[in-house]
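Good morning, and thank you for making time for this presentation. I would ask you to look at the sequence and the structure together as I go through them.

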Amino acid sequence: MRDYDSAGIRNIAVVGHGASGKTSLIDALCFAAGSGKRHGTIRDGTALTDHLPEEIERGYSIALGCAYAEWMDSKINFIDAPGSLDFQGDALAALAAADGVLCVLGATAGVEVGTQRMFRAAVARHDPVLFVVSMMDKEFADFDRIYESVKSRLTSKVVPVEIPIGEGASFRGVINLFTQRAYMYAGGTKGEYTEADVPPECADRFAKYRQELIEAISATDDTLLERYLEGVEIDRDTALHGMKEAMKRMDLFPLFCTSADSMIGVRALLTELVQLMPNAYEMEEIHALTGAEGHNTIQLHAKDDGPFAAHVFKTLSEPHVGDVSYFRILSGKVTSGQEVYNATRDGSEKLGHLSIPCGRERSEVAVLHAGDIGCVTKLRNTHTNDTLSTREHPIRLPAIVFPEPVVHFAVRAVIRGEEEKLQQGLHRLHDEDPTFEVHYNAETHETIAGGMGERHLDVCMAMLKRKFGVQAELSKPRIAFRETLTAKADGQGRHKKQSGGRGQFGDCWVRMSPMPRGEGYMFDDRIVGGAIPSKYVPAVDRGVQEAAARGVIAGFPLVDFRVEVYDGSTHSVDSNEMSFKMAGILAFKTVAPKCRPVILEPLDLLEIEVPDEFLGDVLGDASGRRGHILGTEGDGQQTRVRAVIPQSELHLYATQLFSITHGHATFTRRFNGYEQVPGEAAGKIIAEHAKEMEAVDA
Ligand SMILES: Nc1nc2c(ncn2[C@@H]2O[C@H](COP(=O)(O)OP(=O)(O)OP(=O)(O)O)[C@@H](O)[C@H]2O)c(=O)[nH]1
Ligand SMILES: [Mg+2]
């Protein structure tokens, strides 16, 4: 492998909806270029960038994958982004590592919700986007229809640069509207073609699309427009240049067509990626590359003579290897074995066995230049989103913002004694995938795993087993219900045991009353005249607290109440702390039930983004979950709903929302506080809890 500097490098994230053909296309592109050793497929589990056992078994991408193709004196780094919403964390990381985006559309499915999501994300980053219709060999493939759907559903600035010759089984080549030549598939295994004149049967279509392309390019540039209006022919190089500049400004998005299965249009696509996508050096015109050195913001340039700065965009642990860290160099170069500095964590790291990734393979290189993507193994303490730099220039790059988990399960080890192994494995998984999160809920005594969907968590459990040898099971998390009081009452707690030997005596009178939500617990000592000796009063407090932790109605901890101890009596010999604590417990048990106790439940605030066509269904569903709609805000197409919904009604909400909106809605949720459970629902909770307790006792 030869050396490439930033002017010879293209970093392309390949994105789109699930099963649109991204992984197959990257495999075909790399095979045509020679970096893939064989033409792999999803069907037999040999696609270059789907090499994890979980991916091969399921037939879709889970983690982002890197591969490269050398073409026209350039190195194209492909980052294969998983299409499923469950794995969108890695799709965002793929975007962060790239400079340009190849957005793949299936030739029959066209624009889908995942296409929209990723196109919006690319546009938000100001990335140039190149569309490709893949699977043109498939029955019912329809290029014109897909083009129209991109135009109406994604952007009116899309324009075909290539059109297919034949569709479905008769797909046999492509016409390039720049070169005005046809590239007919020649029957080889690596997408070989012969160049020919535009076939006569395609002449009309060709003329129409060619005019559309030239008009579109001319419209983006005043000089070109003038020439076009004067009827001057715009040559190929000028058109290409105009297109590339327009793409950088997101004024145009070219459209291509291929088939990964039959290898048609694959070589042409490699050529266009080199010609139209900005190289890693040019990228700074678009993305101002900045980082922080101490408190200063600094400009970075994708040049070898700048200070070394690289962003770790992915960590993947491999059995027998350890963690593999994938990074993108933003500035400077680095050599194998070089000592670098992790400015995010203030630690040194040695880049032993510096490599470039291509699917599951990693080839060692002596040096990597600015703009390139590389990987290293066995870093000591470097995680996804860290910046590697040097001690002379300790640089930190902006972090990828990963989405918050939306689905939660309780997780526990199937085999007793493996709890610690489980905890370690869970934390390693989080290091690999920041959208997988783990925390311990001290109230319900459960370890909670959060992720982007049920499928995401299932895959995480499979990885846990394969990589860390722990079998874990998921269950619906318990809800941290609480109890509180709604009325005032008072009464006595008297503990007396005086049969032989030293006795026990404690006696107190308490008043209990509700406090506002969130105020917690308050204890007031109102004893006058030493009815209870002051040294025993704290024991009453402890007794009340101990009893309150076990609740009044259904065993949930009692919160937001006040206890005043205002009277009592004592015995000169038999009284002690223990006796007064018992008195406190008894007082609680007598008084609390008289204070009209109720159950409180945790509620989350949801912000749901939903296209208006599904708004009614989403609101209906929310009220079915005892939700309270705080407000809606719309722009005529999309509405943002703010709703407060009890946590007990939200288990697998992500799955349900996905199904009622066909994946078109997104949401975030965060804890919003506790509220009283209404009567009917409270009855159900009490019964359920009793059943659970029986099961625990059995
Ligand atoms: N006929 C035909 N089928 C294809 C082609 N490319 C992909 N497929 C099939 O389409 C399915 C999805 O292909 P993938 O390459 O896994 O698609 P993807 O976009 O990577 O999917 P995710 O990883 O789930 O996002 C697989 O069954 C492929 O065999 C093609 O060019 N022609
Ligand atoms: Mg894939």
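**Hairpins, helices and cores**

I begin with a hairpin: strands β12 and β13 form one with 2 residues between them, and in its turn Gly 294 has a positive phi of about 60 degrees. Please keep in mind throughout that this is a predicted model. Strand β12, residues 290-293, runs antiparallel to β13 and is joined to it by 4 bridges. Two of the facing residues can be named. Gly 291 has Ile 298 of β13 as its bridge partner, and Ala 292 stands opposite Thr 297 in β13.

Strand β8 covers residues 173-176 and strand β9 residues 181-185; they pair in the antiparallel sense over 4 bridges. Within that pairing, the bridge partner of Val 174 is Tyr 183 in β9. Strand β9 also pairs with β10 (residues 193-196), again in the antiparallel sense and over 4 bridges. There, Ala 182 has Ala 196 of β10 as its bridge partner.

I now step back to the whole chain. It holds 16 helices and 37 strands, and the C-alpha trace spans about 115 × 55 × 50 Å along its principal axes. The division into domains is as follows: domain 1 (6-282), domain 2 (286-396), domain 3 (407-475), domain 4 (483-596) and domain 5 (600-681). Between the centres of domain 1 and domain 4, taken over C-alpha atoms, the separation is 74 Å. Of the 698 residues, 46% count as buried. Among contacts with a separation of 6 or more, 73% come from residues 24 or more positions apart.

Helix α6, residues 203-218, has 16 residues, and the distance from its first C-alpha to its last is 22 Å, close to the 22 Å expected at 1.5 Å a residue. Its buried residues are Tyr 209, Leu 213, Ala 216 and Ile 217. Viewed down the axis of α6, these buried residues fall within an arc of 95 degrees, so they line one face of the helix.

Against what do the buried residues of α6 pack? Their partners are β6 (158-160), β7 (162-165), α7 (222-229) and α8 (236-248).

That brings us to α8. Its end C-alpha atoms are 18 Å apart, which agrees with the 18 Å that 13 residues should span at 1.5 Å a residue. The buried residues in α8 are Ala 239, Gly 242, Met 243, Ala 246, Met 247 and Lys 248. The buried residues of α8 pack against α6, α7, β11 (253-257) and α9 (266-276). After α8 comes Met 250, with a positive phi near 60 degrees.

I turn to the nonpolar cores. The largest has 164 residues, of which Val 14, Leu 29, Ala 94 and Phe 131 touch the most other members. Helix α1 (residues 22-33) gives the most to this core, contributing 8 residues. A second, separate core has 29 residues, including Leu 485, Ala 547, Val 552 and Phe 588. Returning to Val 14, and leaving aside neighbours within four places in sequence, its contacts include Leu 25, Ile 26, Phe 78, Ile 79 and Val 104.

Finally, one loop residue. Ser 61 sits in the loop between α2 (53-58) and β2 (65-71). Is Ser 61 buried or exposed? Ser 61 is buried, because 28 other C-beta atoms lie within 10 Å. Not counting residues up to four places away in sequence, Ser 61 touches Thr 23, Asp 50, Glu 55, Asp 80, Pro 82 and Gly 83. Of these, Gly 83 is 22 residues from Ser 61 in sequence and 7.3 Å away in space, C-alpha to C-alpha.

Definitions and conventions
Residues numbered from 1 in each chain as written. Chains lettered and ligands numbered in written order. Predicted model: local features only at pLDDT ≥ 70, side-chain atom pairs only at ≥ 80, totals over all residues. Domains from an automatic or database assignment. Buried ≥ 20, exposed ≤ 12 C-beta atoms within 10 Å, placed from the backbone. Contact = placed C-beta atoms within 7 Å. Expected span 1.5 Å × (residues − 1). Arc of directions from axis to C-beta. Pairing = 2+ DSSP bridges. Core = buried A, V, L, I, M, F, W, Y, C linked by C-beta atoms within 7 Å.
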